[in-house]
Amino acid sequence: MHWLRSLVSGIRALFNNHETEREMDEELHTFLDASTASKLLIGATPEEAARAARIEMGSTNAVKHHIRSATWESRFEILWQDFRYSARVLMKSPGFTAIAVLSLALGIGANAAIFSLIHQLLQQNLPVRDPEQLVTFGKSENGGILGGVDLGFFDMFPWSFARQMQMNPGPFQGIASYGSFSEKVTVQPPVSAAAIGPSAPALLMPASLVSGNYFSVLAAQPSMGRAINPADDGAANTGAVVVLSHHFWQQSLSSDPGIVGKTITVNHTPFEVIGVMPESFHGLKLELEPTAMWVPISMQPVILQHGSFITPDGPYFLHLFGRMRAQDAAGKNALANSQGWFDQQLRAAIRAREGASISPARQLEINHATVTLMSAERGVSLMRSQYGDSLKILMGVVALVLLIACANLANFLLARAATRQREIATRLALGSSRARIIRQSLIETLVLSVTGGLLGLGIAFGATRVLIAFVSQGSSYVALSSRPDLTVLLFTLLVSLGTGLLFGLAPAIATARTAPSSTLNAGARTAQSGGGKSSRFWPKALVTAQVMLSLLLLFGSGLFLRTFRNLQNQDYGFERSNLLLAQFNPKLAGYKPSQAPALNQRLIERLSALPGVRSAALSLTPPIGMSNWTATILLSGYTPAPKENMVSVLNRVSGKYFETAGISVIAGRAITTDDSASGLKVAVINQTLAQHFFPKGDAIGRILTIEINSVKGPWQIVGIVRDTKSGNPRDVEPVRMAYISLSQIEPYQPEVGPSSGKSNTQASAVAPMREENEDRFARTILIRTTGDPAKTAASLTTAVAQIDPNLVLNNVITIHDQVSSLMTHDELIATLTSIFSMLALLLAAIGLYGVMSYNVVRRSNEIGIRIALGASSTGVQWMVLRESLILLAAGLILGIPAALSASRLVRAQLFQLSPFDPVLMVSAVLLIAVVTLLSAWLPAVRASRVDPLLALRCE
Amino acid sequence: MTQKQRDVVQGTLEMLILKTLDLEPMHGYGLALRIEQVSQNVFRVNPGSLLPALRRMERAGRVKSEWRATENNRRAKYYMLTTRGRKALETETSAWNRQAAAIARILEA
């Protein structure tokens, strides 16, 4: 109980500090009085007695100090004192403090910002029960609708197989499926929910199709209402229920608490709202723009506006995932067992589809069909695979920047420790302990680093917002938050403390090593220049390290900048200036395919007549973009080998497409406005396709057929155009492309059975079982302008709205921005690494300047003597410059190999560039050399101006 | 500089305080004076060590303190022994006696 009483009275003393102090004073006072009185008794005069008593007691402050240090709570007081002293010292040199706090804030803020994104994107588990039990079947990253492929060669599955797995999950607790992409749908909120009235424009929102057991297998609970269950997911076009995302409910339905049970209109069809999910839940697959709602797969015809896929031989459009049993999730063998079981199911399903007679060769092929089971505890995220590597590289970069900032501060503090030697020596001589001096010195650095950290949190918040805005590419909402969570706060705190220790420990120890007597005896200048080899070694070592790290960062940022430039400046095959693109969806505006030709005609006429427009055209996809339309093709005069890859990218285009997109015609002619529905059906192919199948150059005049029933052809090839890049700008392999004439597509679907052919796009090509041919619709508007295309955007939107106000243009974008949007992570990493490397270089320059200036001040005595003895001013300048040149050389000798070995790690990120690019290395070295010389030159000049008389007299 | 009076032998101050307080409650200066007198001016206790020792002992619960009026009618902090303090005095005295006897034996050998 003893310690308890001590604790209680200690705490009481801490809070009644004033009271304790007063009692102490009184006690000392009575002591003094009693002592004086007893001396009077033995016959001293009052003056003598008072003097003797005071001598006996000594300094009352010292006595009080001794009394105070007898208790534990005094430590706090000492800490508080040290803290106040540190704050005062720091306030006295506001320039130094500002630079220190600012550079720390930038360094720590950058680290916190990148960490915040890494944490959210790469480390967070799905917000569901036991996420480690979840596995996906294949990577599940790409989405689309495929036809004419075998089971097991892609990570997408048809409805029938998914349903079979759902019914018989084998070793799994459950297997569920969901649409591989979220299609944008029109949504009309219930009239009562929002104050916006019935005439409000429909919202375009992404919707995700899910199987009836999706939520139960994920073990995700709605925050309101109920989730979709297997009873909802029945026959096609039944189960018109919808579960909303928290974000959609909040933004578009004003968090209506009574939304469950109300009806919203999706794609002109009423759906009953049955539940709302919690804020953190975005589904298993996190897309750039998270889905706004979940709908049973049975409603696929409404959501995708397409014929039913819920047939025994429907197309491939679903991803699968499963939940393993608890005991299986722990062991590795179980994953292998589950994999084996799944592959068996897969192969059995393929055999069942192929029917009775399967050739032995085909049997062998089927036996190799497999889809890899992958752990999905963090869900599936496109952003993760897109930005993961970039973020990891950036994390490394910002850590290096922080290290450089630390080196700088350590250097400043070392220099200050040297100038404060007399103060420290005095304190030591007056009886302060070395431990206390180290502690005080560390408290000073921690005050700096924690202040920097706090400021850094603010910077991180802003920086994360900017980064998220960049990553989201204009999407109104992404599932990333700039609000720092507990982990990020903890990370920032740890980084701040670690930083403080890193740059504070060496100076603190150097400070405490001061020998009191010699320092006090010596003159001020000589005292500072003393301190032995080690005190001169550390500043130089730190500057060398800074030069090395700056070289690393500069070279790295050079590599990323060049990569980005190479990507931008490569030949795309089409004109990348004065071209404006826009997406639209006439189907959602209520158009029938039979109305398409008239609409297309009106659009082209109206848009071509706009001022500043040279030509206008329509197509399915833009010249380059995320998605494309692909299919197997056949060519007259070419017999494909068995199993030969006959896939080609397709596009359907109006007249003037090639002129508008700026794709030059190499042979024959382009598709023109004269190619009308009644004329000969024409197609144009690109060079690669022509050369691959007709190397002799006799492609024109051949007949092209496409294995998609709605656009089967036959199409006569009338021209060859240049190769273009149509997808990822990093793909160097040229892609085969065929263009067909939009206006010549058949008005009706052929009556024969299911289609084959495949497509990666949402504007699918799988034959709908309807009469009218939906492939007559265009989805992209292209406009070639005479001036800046961005300026035409407004008049384009108005013109389309004049034709039909329901025809909403989404994503009006210049071709330049469209190309950039395909390499955002390259742009991100190039921009950020250059900013950070410049920051690093600046910090290193400040550091070098500081060390050199300090050296000159320290040695001005010596320099004065040299000048007095006849040293020339150039000689003195050279002396200072030489020192920094040695540091530069040392930094480069260490930095060049380090940079070259580090660049090997990022080889995969580079494009048409060697990781050892000599030009870049030379430029980086030159830049560092120039900056080094500049920052050393000023101190050198100052050294040569030292007045010998002044310098010597100062002593 | 010869020094007639000496500081108390290290580690014995607390014992001396306890012993002195065992007679009657006393204030700080009284304590110092008593130790000086009883030791016939061999030991001198200055406030810089006496008062911190008292504070330590008070924390440890060996003494307690009280503000009282002095003989010349001033307020002073009087210290008195607690039971715990009395026990401590016993153990420390016997330990000291053992040690002193041992030292004496060594010096006389």
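Predicted model: local features only at pLDDT ≥ 70, side-chain atom pairs only at ≥ 80, totals over all residues.

Start with the strand. S24 of chain A covers residues 780–785. Six of its six residues are buried, so the strand is largely enclosed by the rest of the structure.

Now take its two faces. In a regular strand the side chains alternate between the two faces of the sheet. On one side of S24(A) sit Thr780(A), Leu782(A) and Arg784(A). On the other sit Ile781(A), Ile783(A) and Thr785(A). Every one of these is buried, and both faces are covered.

Next come the partners. Strand S15 of chain A, residues 579–584, is joined to S24(A) by five bridges. S15(A) and S24(A) run antiparallel. Strand S16 of chain A, residues 613–619, is joined to S24(A) by six bridges. This pairing is antiparallel too. Here Leu618(A) has Ile781(A) as its bridge partner in S24(A).

Now turn to the contact between chains. On chain A, 23 residues are in contact with 19 residues of chain B. Four helices of chain A each supply at least two residues of that side: H1 (2–15), H2 (17–41), H3 (46–57) and H4 (60–69).

H2(A) has 25 residues. From first C-alpha to last, H2(A) reaches 36 Å, close to the 36 Å expected at 1.5 Å a residue. Its buried residues are Glu27(A), Phe31(A), Ala34(A), Ser35(A) and Thr36(A). The cover over them comes from both chains: it includes H3 of chain A, along with helix H2 (28–38), helix H3 (47–59) and strand S5 (75–81) of chain B. Just after H2(A), Gly43(A) takes a positive phi of about 100 degrees.

Last, the confidence. The model scores ipTM 0.84 and pTM 0.75. Chain B has a mean pLDDT of 84, with 91% of its residues at 70 or more. Within chain B, confidence is lowest in strand S1 (residues 6–7), at a mean of 63. It is highest in helix H4 (residues 83–108) of chain B, at 90.

Note on methods. Residues numbered from 1 in each chain as written. Chains lettered and ligands numbered in written order. Buried ≥ 20, exposed ≤ 12 C-beta atoms within 10 Å, placed from the backbone. Pairing = 2+ DSSP bridges. Contact = placed C-beta atoms within 7 Å. pLDDT = per-residue confidence, 0-100. Expected span 1.5 Å × (residues − 1).
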